[in-house]
Amino acid sequence: MDLITTHLNADFDGLASMVAARKLYPGATLVFPGGAQETVRNFLALHDLGVTRLKDLDVSQVTRLILVDTQEPERIGSLKDLCVKPGLPVHVYDHHLHADQAGGALSPIQAELRVVEPVGATTTILIERLLAQGQSLTSFEATVLALGLYEETGSLAYASTTARDLEAAAALLRAGADLNLVSDRLRPHLDPEQITLLNDLLHHGEIHYLDGRKLLVSASTYDRYRGDLAEVVHKLAELEGLDAVVAAIAMEDKVEVIGRSRRPEIDVGRLLQEFGGGGHAGAAAASVKGRTLVEVKERLAQLLSERFHPTLLARDVMTKPVKAIGEEATVAEAGDRMTKYGVNVLPVLDSKDRYIGLVTREIIQKALFHGFAESPVLAVLQSDQYQAGPETPFREIEARMIERNQRFVPVLDGTRVIGVITRTDLLRTLHDDVLRAARARTKGEEPPAYAHRRNIGGMLKERLPARVVHLLRQAGELGDEIGVSIYVVGGFVRDLLLGIQNLDLDLVVEGDGIAFARALGRKHDARVKAHERFGTAVVIFPDQFKLDVATARTEYYEYPTALPTVEQSSIKKDLYRRDFTINTLAVRVNARSFGELIDFYGGQRDLKEGTIRVLHSLSFVEDPTRVIRAIRFEQRFGFHLGKETLALIKGAVKMDLFHRLSGHRLLEELMLLLSEEEPRKAVARLGELDLLRFVHPTLNWSPRLAGLLKGVEQALDWYKIALSRSIHAWLVYFMALMDVIPPKAVGETLKRLTTPERFAEKIRVGHAASNGILRRLMKRPPPTPAETYRLLSGRSAETLLLLMAKTKSESVKRRVSAYLTTYQQTKPVLTGADLKAMGLKPGPQFKKILDCLLDARLNGQVTSEAEERALVKQIARL
């Protein structure tokens, strides 16, 4: 016997899912594991759906268990024993995604078949299965299924509702579902007891503003109501226009906790799992025994404070990075720094960069007036000022600044200053710039970006292939459909403004980047490779054109030189994590804003002025490879390093942070730098800034190295013109770097950089053999073409170009170039088969003869097949 059941206290989604499952499993028995909600019981009193009473069930006859709208054994009462019965298959259909939690998590049932998908109702999943099988529904069956679907999705209005739910509802309407009956059952009039309970919940409720949402937490001791508590809580949320409601109601021997949410970010399912309850993000319930109503309510408040945060926090409005001054500085130096940076307050840090107080321009000016210019700032600092943490609510900061007449609040993470909030920040926030963004996010709209903007839609059309512009428009339209903002960002935008061809498209999605990439892939019949850990994906179109997609992210570094930890964020924070201002430009491609250029950090200004500038003062500390990148971009575009950026690079060099970098990361950046059009200039810049020593302590810039790199440049230029074969150009330059240091240093460098063996072997051979080969090529008399061939045969192209770069002898260069262009392809006409046909016996002499033929060909002693045959006869004395 097939048995179909659902969770305790079944709702309409559970009932409807059971009815739909019976059509998939004909002849199956329907059983409630333990009661149903009052609305469901009232409906079944009028409509017999063939639900068997649990006490009439012979459990021993069950051969297969089908669970709908749940996957947790604790939620099916006494039937949970069937879940562990040996040999009994279990099938699960559910829309509640299971999430393990520490401390008493409910474990999902082990199932032979598990269909758990993120839709608004389990009924939707089963409707789709019925449609896929071509099964028809009667008008009454469609109405029952509509009851489940409409109840679970709030009549298709909950935020958890998906497009699939709407499609399922459309199928039910086509099958004749009676929406009048659905409306009557799901929207009954409140009776006097329900109204009394509703008023009690309102009277004892507390409003919490969490992450821009309005949430009511209420508790009631009104225990005379015996109806459906969930219905009253749902009505409460509707009447008050709340984003979420969590109500705790004391009963005789337990506390019933009901949660309803219209916002997926306020996940009441996860919240009530703490109390052993179940449900999903929009609706959940729990029965709590062994705790008082007060304890339950206090625990709810604690959980909310732990899991949700106020909309505006210090970190949302603070200014960063922070200009600060060390405790050893003098009053005069503090005044100069205030003038230099245009600030009126400076945090003071001790020798370990810990915050110890602040100094104001007013105090500094008074100290200067009284002749204390050379006194340490420690003598005048204020240490009793109010401080905030990154999670401090903005309203608390506002109140403290007004109460204390404080113009400047440092934001501390422990003892480290991570930002400041000034009176300007306070006024800007109070005048709605930030609040407007919060309200926009609350409505699911795009928050305004306060940055210099202009539209470059015309430039996109003018400078890009029509196909690329069309693709960007389609991406933007898809973003509109899904409800997310789409931007093309980074190097593509930079190069577009510089007039440089670059079709490497990087899209950033303010939302789920991987989900967007998959939707785009489906639309274009393209393959999608996703990287879940980083929220990125690559869309590969049928013609192999590639498009990179990423979730808007922010990042932080656990320690200097570490790889960044990334978290989902906004486009502004995503751009802030990038290396240089010229790479922080973005173009929005959504339909109504197509072509809007967004510049938060002055990227356009720095492109115009030709400046490479980092975004914050710890940029090179967090990731020293950015130093090499800065030099790469400086030389590629003919730009210059900004003064502050140059000072920060010199500071990073003094801190020796590069020694803490993994060799792999350092090699990657060197490979990119040496792959530029003119690496010689970049290497010279590395030498000028004392950075070559981080490749190896013995490596430094010198006339010899300059000449060698110039030779590599000329050799590669010749190679590109004369030959069309591929070559690792960066490797030739790297071999040149290694050529000027001792053999032992070469080995140490290759090990430090964890150089792949296929490259390391070429570098070692080139370093060891190049000088000897050059000496033999320069001997007198000069080597014949055959001798040149034997000397150079088997050497890599990179090694041969290194030889051309190292030698000043034009004759040696001609011999190497002759080998690459001619000798290497020269072969005798005769083969081993021809020798056999001439009557020669196969053996070691074959190789000797063929080598002689090749030498003769190379040296011009034979030029035809007949001459080769004559030479063979002469050698073999035939």
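**Figure 1. Salt bridges in the predicted model.** The structure, which is a predicted model, holds 47 salt bridges. Eight of the residues concerned, namely Asp579, Asp623, Arg629, Arg632, Arg636, Arg665, Glu669 and Glu676, are linked with one another in a network of such bridges.

**Figure 2. Arg164 and its partners Glu117 and Glu128.** The side chain of Arg164 meets that of Glu117 in a salt bridge, at 2.4 Å from N to O. This pair links distant parts of the chain, since Glu117 belongs to the loop between strand S6 (113-116) and helix H4 (122-132) while Arg164 belongs to helix H6 (residues 163-174), 47 residues apart. Arg164 also forms a salt bridge with Glu128, where the closest N and O atoms are 2.6 Å apart. Because Glu128 lies in helix H4 and Arg164 in helix H6, this second pair ties together parts that are 36 residues apart in sequence. Each of these side chains is partly exposed, with a relative accessible area of 25% for Glu117, 27% for Arg164 and 25% for Glu128.

**Figure 3. The salt bridge between Glu391 and Arg315.** The side chains of Glu391 and Arg315 meet at 3.1 Å, N to O, in a salt bridge. Glu391 is found in the loop between helix H14 (361-369) and helix H15 (394-403), and Arg315 in helix H12 (residues 314-317), so the pair ties together parts that are 76 residues apart in sequence. Glu391 counts as partly exposed at 39% relative accessibility, and Arg315 counts as partly exposed at 32%.

Figure 4. Elsewhere, ring pairs link Phe580, Phe633, Phe637 and Phe639 into a cluster. Arg632 lies over the face of Phe633, at 5.2 Å from the ring centre, and the charged end of Arg473 sits over the ring of Phe594, 4.0 Å from its centre.

**Figure 5. Two cavities.** A search of the whole structure finds two cavities of 30 Å³ or more. The largest cavity, with a volume of about 60 Å³, is lined by Ile628, Phe658, Leu666, Leu670, Leu686, Leu691, Phe694 and Val695, and by class its lining has eight nonpolar residues, with no polar and no charged ones. The second largest cavity has a volume of about 30 Å³, and the residues that line the second largest cavity include Tyr158, Ser261, Arg262 and Arg263. Its lining has four nonpolar, three polar and two charged residues.

Conventions:
Residues are numbered from 1 along each chain as its sequence is written. This is a predicted model: local features need pLDDT of at least 70, side-chain atom pairs count only at pLDDT 80 or more; totals for chains, interfaces and linings use all residues. Side-chain values use heavy atoms; hydrogens and water are left out. On a 1 Å grid over the protein atoms alone, a cavity is a set of points where a 1.4 Å probe fits but cannot get out, and a pocket is an open set with protein on both sides within 12 Å along at least five of seven lines; lining residues have an atom within 4 Å of a point. Grid points are joined across faces, edges and corners, and a volume is the space filled by probe spheres set on the points. Ala, Val, Leu, Ile, Met, Phe, Trp, Tyr, Cys and Pro count as nonpolar, Asp, Glu, Lys and Arg as charged, and the others, Gly among them, as polar. Rings of Phe, Tyr and Trp (its six-membered ring) pair if their centres lie within 6.5 Å; planes under 30 degrees apart count as stacked, over 60 as edge-to-face and the rest as tilted. A charge sits over a ring if NZ of Lys or CZ of Arg is within 6 Å of the ring centre and within 35 degrees of the ring normal. A salt bridge is a side-chain nitrogen of Lys or Arg within 4 Å of a carboxyl oxygen of Asp or Glu. Helices (H or I, at least four residues) and strands (E, at least two) are DSSP runs, numbered from the N terminus. Buried means under 20% relative accessible area, exposed over 50%, partly exposed in between (1.4 Å probe, protein chains only).
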